[in-house]
Structures are given as structure tokens and as C-alpha cells.
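Hello,

Here is the structure I promised to pass on to you. Have a look at it first, and then read on for my notes.

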Amino acid sequence: MSERLVPSRRALAIKPTLIRSLRAGMGSSTIDFGLGQTDLPVSNAVQRYFRSHLDGPMLAPYTLNAGLLSARQAVARHVGAQADEVLLTCGVQQGLAVAILGLCGPGDEVLVPDPGFPAYANLVRAAGAHPVHVPLRKPTEDAPGWGLDLEAFEDRMGPDTRLVVLNNPGNPMGNVHDPAELSALLELLDEYDVGWISDEIYEEYLWEGQFVSARSLRPDTGIVVAGASKSHHMMGWRIGWMIGPEQTLKALTPLHQHLVTCAPLPAQQAIVAALEDHDEELASTREVFARRRHKVLEAMADVELGSPPSAAGAFYVFLDVRPWLSKFETTVRLAKRLLEDEDVLVIPGEGFGPSGLGHLRVAYTIGGETLETGLRRIREFLMRHRPHDGDEP
Ligand code: PMP
């Protein structure tokens, strides 16, 4: 490589995800529980809209940087905000980029959940700031589901802490934050004068418990990022939104402008249609995922995992396979063996931060016979390699 083209330290600090590197070992027959994208066709309302507009003149201008007013109004109605509190982005990923690059820089520390979606820490590094992993509380018999550990957050809070990133419902654990714990955390952030970004991309997928948006508790101190990728099966359309205080979004719009100009026009038009027909579409999608979730939990019911998977939200089950570490040492090795022996891909928890060790993320984004076969193979593999009493840890 020419020395003139050596990437910057910031660029080199950004790591490829484990998900992508494991996928390199997949074959065409591999049953894929790995990628967090739905397998359903894009929302009917979107398809109807585009079919009915096929004959018109096909102009495709840039839109306003923050997005078409009609699309911002549609999102605003959907989330209970004003259009000025909405900025449309190229998927949630770009909303995260604008929020993180726009709100922190060198010298700042940003607390990110561990386990958590890998983009958070990497975007913090891209901003030249320092990500600090905060371990979430592991599930127990008494408190199932991963929780917010207030002490762990407070321990890591200091004079340089600028932001906290939250993800609710969460990837990879399929957890949903207890409203009282979330409220207590936001109170702590008030004490330390720290802002928040809450990634609520899975807000529509709630199976147990109660989902409360961080914005409904503290509308003035943070930004919610969400979008249509998961709710309307529009991953490749690249449409998402930031919801936040008008002045903050206004100040961040030039950054968004110089990154991407605007979200794609067809995707902006699509969400107006998609959000109008939201409830009917979503009800059928939810039924599909609820059935699959049930199948995963049923298949794992007698596997004697380290703790029972709760999977209260999103479309992930995070299997606690810590007992199997006595044999495989790392979940990366376990996942590789599962891929080699059973032709099934799941994602080892280490890919989501150090606290993910000993867990496997199963995305139930496949259905039918493939889902059943894949679950049977995971189950039989775990049963066959079940650790025995007295194994060395
Ligand atoms: N946040 C989380 C937690 C995700 O799981 C994903 C996608 N897997 C994204 C953001 C990115 O979403 P989008 O496709 O809308 O950019």
C-alpha cells in the first residue's frame, strides 16, 4: 500500500464485525441464524404505493437535508413528535453516525452497553472519542432478562463522560429494559449532566414486559434513533429517523448533509405509505415472529442452559451456553464447531463485547422447515456436547 494511502488511526481503530468474518465460513446449504434482518417481503403498503405511481414522470430530486416534510410529518405522527423534531436518515446506522459523530469528540468518553450492537463502540472510535463498555446485568432465576446495572454505570461515569448509548429492545439479547431501571438510569444521567442516544429500532417487537421509550421519560436530554428496516422489512431501502430536540437536530443537520445529503427519496416516499398502514401490517408480522420465538424457546426448553433465555423483545434469543465453555473455552470455538459439524450459523456472544462470552445469538429471521431443522441441529449439538459434572471449568 502506498504510504500516502495508509488509513488514519481512527479508521484503523474500527474493527470488522465477527458476524461478517464467521459468514465467510458459510456454504450455500448453511442454515443461517446469523444475520439480523427479516426474511419477509417489503410491506404491502409500500408495494401498493409504488405500483400505483409507476406511470408518472420519474423525477428523483434531492430532498431537503432533513427529509421531505410529508415524510417527517408521517414519522412525527407515528412517534408523537413535531416534524421539526424529526430528521430522516439512511437507516438507523446513519442516524447513529450523525448522533455519535455530532455529539462527541476527542477527549470524550461514551458509555456503551456490553453486550451490545458493535456499531456503537466503533462509531465512538470514528469520532476520536473513547468507548467504555458497561456490563449489563446477567439474567438470574429471580430477575430474568439482561438488566441495567446502575452501579456499573455509575462506576464508569466521570468528568469526561459525554454520552450513554442505550438499545431497547436490545440486540443481541432480545432484552427489554425495565421501565423503573431505565428511569433510574436517566435520573443518574441528569445528576452527571450526561446525554443519551437510545437505539429503539426493535420497538415494535415486544413479547413480554413493558417497553418505554427513553424519550417519553426525558424528551430534552437525548436522541432516539429508529426506523423501518425491521418493522417494514426495508433493510436495503435505507430509511431511518432521529427524534430529538429541534435545536439539536438543526445543529446536526449540516453534518448529515455533508455525509449523505438526504435519505433516499423513494424510501422517504415509502415510509409515508408504510406508516399510514402501520397497524394492520405489523400485526401479521408480529404473529410470524411470535410463532418462531415460541419454537426457539420450545426447542431449548430441556437443554439445561446456564440460565433460561427470556427473549422479551426484538427477534433474538441469546442462549446462555456458559456451561459448555469447559469444553470449548470460547463461544467463537463453539460456534465454529456448530458451523462445521451441523452447517448452522449462530453468532458467538464475544462479537458483542466481553460480557457476551458464553452466549450464542440466535436470530429467528428464518421460518418453516429451515427453522425447525436448524433448531433441531443446535439442540442435538448442545445435548451431544453437554458438559459433565466435574469437567474442568
Ligand atoms: N441498531 C441495531 C440494534 C441493529 O440491530 C441494527 C441492524 N441490525 C441497526 C441499528 C441498523 O439498522 P439499519 O438497517 O436501519 O441501519
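Does Glu-154 count as buried, partly exposed or exposed? Glu-154 counts as partly exposed, because its relative accessibility is 35%; here buried means under 20% relative accessible area, exposed over 50%, and partly exposed in between (1.4 Å probe, protein chains only).

A word on the ground rules before the rest. This is a predicted model, in which local features need pLDDT of at least 70 and side-chain atom pairs count only at pLDDT 80 or more, while totals for chains, interfaces and linings use all residues. Residues are numbered from 1 along each chain as its sequence is written, and side-chain values use heavy atoms, with hydrogens and water left out.

Surface patches

Glu-154 sits in helix α7 (helices are DSSP runs of H or I with at least four residues, strands are runs of E with at least two, and both are numbered from the N terminus). Together with Glu-151, Asp-155, Glu-187 and Glu-191, Glu-154 forms a negative surface patch. The elements that give two or more residues to this patch are α7 (150–156) and α8 (179–192), and α7 gives the most, with 3 residues.

For patches, residues need over 30% relative accessible area and no salt bridge; like charges are joined within 9 Å, and nonpolar side chains (Val, Leu, Ile, Met, Phe, Trp, Tyr) within 5 Å. A salt bridge is a side-chain nitrogen of Lys or Arg within 4 Å of a carboxyl oxygen of Asp or Glu. Asp and Glu count as negative, Lys and Arg as positive, and His and the chain ends are not counted. The charge is placed at CG of Asp, CD of Glu, NZ of Lys or CZ of Arg. Areas come from the Shrake-Rupley method with a 1.4 Å probe, and for residues only the protein chains shown count as cover.

There is also a nonpolar surface patch, formed by Met-1, Leu-5, Val-6 and Leu-12, with about 480 Å² of accessible area together. Met-1 lies in the segment before α1 (9–12) and counts as exposed, at 78% relative accessibility.

Strands and sheets

An open sheet of 3 strands runs in the order β9-β12-β11, with antiparallel pairing (two strands pair if DSSP finds at least two bridges between them). β9 (316–320) and β11 (347–348) are the edge strands, each with a single partner, so one side of each has no neighbour in the sheet. β9 is joined to β12 by 5 bridges, and Leu-319 stands opposite Leu-360 in β12. β11 pairs with β12 (residues 359–363) over 2 bridges: the partner of Ile-347 is Arg-361, and that of Pro-348 is Leu-360.

β12 is largely enclosed by the rest of the structure, because 5 of its 5 residues are buried. His-359, Arg-361 and Ala-363 point one way from β12, with Leu-360 and Val-362 pointing the other way.

Strand β7 (residues 222–227) is likewise largely enclosed, because 6 of its 6 residues are buried. β7 pairs in the parallel sense with β6 (residues 195–199) over 4 bridges, where Ile-197 has Ile-223 as its partner. With β8 (residues 240–243), β7 runs antiparallel, joined by 4 bridges, and Val-224 stands opposite Ile-243.

Gly-36, in the loop between β1 (31–32) and α3 (44–52), is buried, with a relative accessible area of 15%. The C-alpha atoms of Gly-36 and Thr-63 are separated by 29 Å, and these residues are 27 apart along the chain.

Best wishes
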